[in-house]
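I opened this entry to record what I looked up in one chain. The structure comes first and my notes follow.

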Amino acid sequence: MVEATELFDLHRHLEASIPPLDIARAAQRFDIQALKKDGRTLNVSEISDLVVMQLGEKGWDPFYDTVVQARKAFVSTDAIRYLTMAAFLQAGTETKYFEMRVSPLSLIKDYLTNTGRKAETETEYKLVATEILNAMVEGMNMARQILPEHEFGLRFGISRTPRDNSFQKLDWLIDLFEQLNYKDNFTGLDVLGLEVEGDLKAVVPYIKRFRAYLPDLAIHAGESIGPKGIYDALELNPNAIGHGIAAAKDPMLMHELASRGIYIENCPTSNARVIPHILAEYEQHPLRTLTDYRDSDGKRIKIVLGTDDPVSFGLTIAQEHEAARALGADIGYIKECARERFHHIMDKRAA
Ligand SMILES: [Zn+2]
């Protein structure tokens, strides 16, 4: 087993980090109608069926369904505070050091559906967004009081999926950042979904504007399409690439990542569960190719690990390290990179 105190989980989404037991508790406590059947609240095993992928089940759709189901519990600010705290506490049982990421755009959209509220004007939207962001930050801070020895942070995700395909309203969220000085509550930015539609140009102005407040940028790329996704992402000068497996196909790209010191946040279990058709292009998951890479000067690519969506996959960060070890990856090197990356993120926050 890997020593728990040495582990860092540096790619973990909040919406897929809430244990079924906590969702079941929330369903009772907040009387969540969408989590009821025949007039009674679903029990923990029924909730597990919704938010954990079946054993052997694979693909983007069954995975994303687990996230959609978990978001049904976001019915009030009290529920959001509670569920956020639960996600942080669960991660805290796995490791002392982690970074959580959340996708407020998608969460706000689902919250409006769950509550039947309307937020069509800028003022209404900002009001709802403020309530949700405040509740999340409070939930995180409650977890901090319970786990004073732990170190963790929350990253702000700018998300787009095939089912939720717009970045509109992001301007309003950035305004809120400006007005409410949220920047100390978040470690950086995470961009999701560039590979879904590939329209990089549409998101660039938002990222540039947002980055004035949250300079550390991670971008999901090289996951569902080939090296081009990473080349596109590199134009935005990111600090990290989420997944990045496609780099293993392209020595020029590996050279570029190594020489620019850009981190790859690798999540091998997630890849095996969500994108098996992409992984089929490789003999085995290419994590080892990435950790073994050295350019002519001996420079390596910085690699860290993450659980991505631990509840959906029934995964812990210790198991993810075991999976990486089984792939032949250099775990000592990964830990070294993770320590460096984590301190960089947290120090920047404190500065
Ligand atoms: Zn991710």
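**Notes on the chain**

I began with burial: 46% of the 351 residues of the chain count as buried. A residue is buried if 20 or more other C-beta atoms lie within 10 Å of its own, exposed if 12 or fewer, and partly exposed in between, with C-beta atoms placed from the backbone. I note that this is a predicted model, where local features need pLDDT of at least 70, side-chain atom pairs count only at pLDDT 80 or more, and totals for chains, interfaces and linings use all residues. Residues are numbered from 1 along each chain as its sequence is written.

**Overall form**

The C-alpha trace spans about 65 × 40 × 40 Å along its principal axes.

I then listed the secondary structure, and found 17 helices and ten strands. These are DSSP runs numbered from the N terminus, helices being H or I with at least four residues and strands E with at least two.

**The sheet**

I traced an open sheet of eight strands, in parallel pairing, with the order β1-β4-β5-β6-β7-β8-β9-β10. Two strands pair if DSSP finds at least two bridges between them. β1 (8-13) and β10 (303-305) stand at the edges with a single partner strand each, so one side of each has no neighbour in the sheet. From one strand to the next the twist averages 25°, with axes as lines fitted to C-alpha atoms (for helices over the stretch in contact) and angles from 0 to 180 degrees between N-to-C directions.

Ile219 has Ile241 in β8 as its bridge partner. The chain goes from β7 through α10 to β8 in a right-handed β-α-β crossover; right-handed means that, with the strands pointing away from the viewer, the path from the first strand over the helix to the second runs clockwise.

β8 (residues 240-243) pairs with β9 (residues 263-266) in the parallel sense over three bridges. Ile241 stands opposite Ile264 in β9, and Gly242 opposite Glu265. The crossover from β8 through α11 (residues 251-260) to β9 is right-handed.

**Helix α10**

Which residues of α10 (residues 227-234) are buried? I noted Gly229, Ile230 and Ala233. They cover an arc of only 95° around the axis, which puts them on the same side of α10; the arc is that of the directions from the helix axis to the C-beta atoms.
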